[in-house]
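The stops are meant to be taken in order.

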Amino acid sequence: MKHFLRVVTQFFVFLYCKCLWRGLKFVIRKVTGRCELQRICHNNKPGARRTLKIESSLRYSKNELCQSALSAHPDRVEKTIDDIMTLKRVNPDTNPQLGISLQASLLQIVGYRGLVAKVEKLRREPYDCENPDHEEMLMKLWKTLRPDSPLTGRISKQWCEIGFQGNDPKTDFRGMGLLGLHNLLYFAEHDKATALQVLHDSLQPKHSKMSKAEWEQKNFDKAIGYSFAIVGINITDLAYSLLVSGALKTHLYNVAPEMPSLSHFQQTFCYLMQEFHRFWIEEDPCDIMEFNRVRSKFHRRVLRQLKNPDMALCPHFAASDLHLVNL
């Protein structure tokens, strides 16, 4: 019986999507004089709420031109918009704002796809100690986080002071490749005060009556907080999963007025590092063995936030601030 009901439900959903919904759209077009894309732009302000609906409309369109627009090259976006407006019989002279609105949203859509590819490329590139550029980035990370402590050697126990697991950090980058290093360095350079504070806090014992001087005489890898660099690589993995799953579209469509860039992703990483640090303190775990539990709970909280189409995790600027006129 359950199987029969499931089949019946699927049939009616199929019937609605293929026939009734398209018929309804035709009637609405005749009554309002506007196509679906015009109605979306008219009823939604710039940002994720508008772009997500435009993306869905293009993806499920029966027209191949609309479907292919989602994979258009950025240089072809303007031409693609012109073709869509011609297809929809929209006069650009009497509806100039539609082209502007569609172009901004389509640039966000194709830019997100490009960002996923760029991030994936960095993730797949392994750290190479023979590559001078890789080594330079790693040395910059050390000098930024420990400016008053010269590194005694490339292979050194000192790396534990900034949260690596052993004498050679390259082994810790295996999971996220160069992406982990890029994010850590971006955090250290672009939000240095916060990065240094998070690093300092992470090195403190959870419950101890020791003074700061006494604690600093202890081995850094025995801290009951967490390992800064390792957590940074782990939060990079979290940010990566949000990006490739599409969950981060809500945030990026709200903060990037056009094409989301790598810097937008790195700013998101900085936000996640700060918020995870606060969350870790709020959760008050017994020890580092609870890390996976805390991380999973934090991940679920971020996903809940991103379900709100108006959500911007770290709103340096909002897409709606472009002052585009709604149609």
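Select G180 first: in this predicted model, its relative accessibility is 0%, which is under the 20% cut-off, so G180 counts as buried. The residue is found in helix 8, and, when residues up to four places away in sequence are not counted, G180 touches F173 and T236.

Is L184 buried or exposed? With a relative accessible area of 1%, L184 is buried. To see what surrounds it, leave aside the neighbours within four places in sequence and display L141, F173, F228, A229, G232, I233 and F269, with which L184 is in contact. If you then pick L138 and draw a distance from its C-alpha to that of L184, the two residues are 9.5 Å apart in space, although 46 residues apart in sequence.

Next, select helix 9, residues 192–202, and colour its buried residues, which are A195, V198, L199 and S202. Looking down the axis of helix 9, you will find these buried residues within an arc of 100 degrees, so they line one face of the helix. What do they pack against? The partners of the buried residues of helix 9 are helix 7 (132–145), helix 8 (177–190), helix 11 and helix 13.

Move on to helix 11, residues 228–245, and show it together with helix 6, residues 96–124: the two pack at an angle of about 145 degrees, and their axes are 10 Å apart. The crossing in which helix 6 passes helix 11 is left-handed. On the helix 6 side, the contact is made by Y112, L115, V116, V119, E120 and R123, while helix 11 contributes Y240, L242, L243 and V244.

Then select helix 14, residues 291–306, and compare its length with what its residue count leads one to expect: at 1.5 Å a residue, its 16 residues should span 22 Å, and its end C-alpha atoms are 22 Å apart, which agrees. Within helix 14, the residues F291, V294, R295, F298, V302 and L306 are buried. Turn the view so that you look down the axis of helix 14, and its buried residues fall within an arc of 110 degrees, so they line one face of the helix. The face turned away from this buried side carries the exposed residues N292 and R304. If you display helix 11, helix 12 (249–255) and helix 13 (262–283) as well, you will have the elements against which the buried residues of helix 14 pack.

Finally, select the whole chain and zoom out. How many helices and strands does the secondary structure of the chain come to? There are 14 helices and zero strands. Of the 327 residues in the chain, buried residues make up 43%. Among contacts between residues at least 6 apart in sequence, 67% join residues at least 24 apart.

Notes
Residues are numbered from 1 along each chain as its sequence is written. This is a predicted model: local features need pLDDT of at least 70, side-chain atom pairs count only at pLDDT 80 or more; totals for chains, interfaces and linings use all residues. Side-chain values use heavy atoms; hydrogens and water are left out. Axes are lines fitted to C-alpha atoms, for helices over the stretch in contact, and angles run from 0 to 180 degrees between N-to-C directions. Helices (H or I, at least four residues) and strands (E, at least two) are DSSP runs, numbered from the N terminus. A crossing is left-handed if the near helix is turned anticlockwise from the far one by less than a right angle, and right-handed if clockwise. Contact means heavy atoms within 4.5 Å. The expected span of a helix is 1.5 Å times one less than its number of residues. Buried means under 20% relative accessible area, exposed over 50%, partly exposed in between (1.4 Å probe, protein chains only). The arc is that of the directions from the helix axis to the C-beta atoms.
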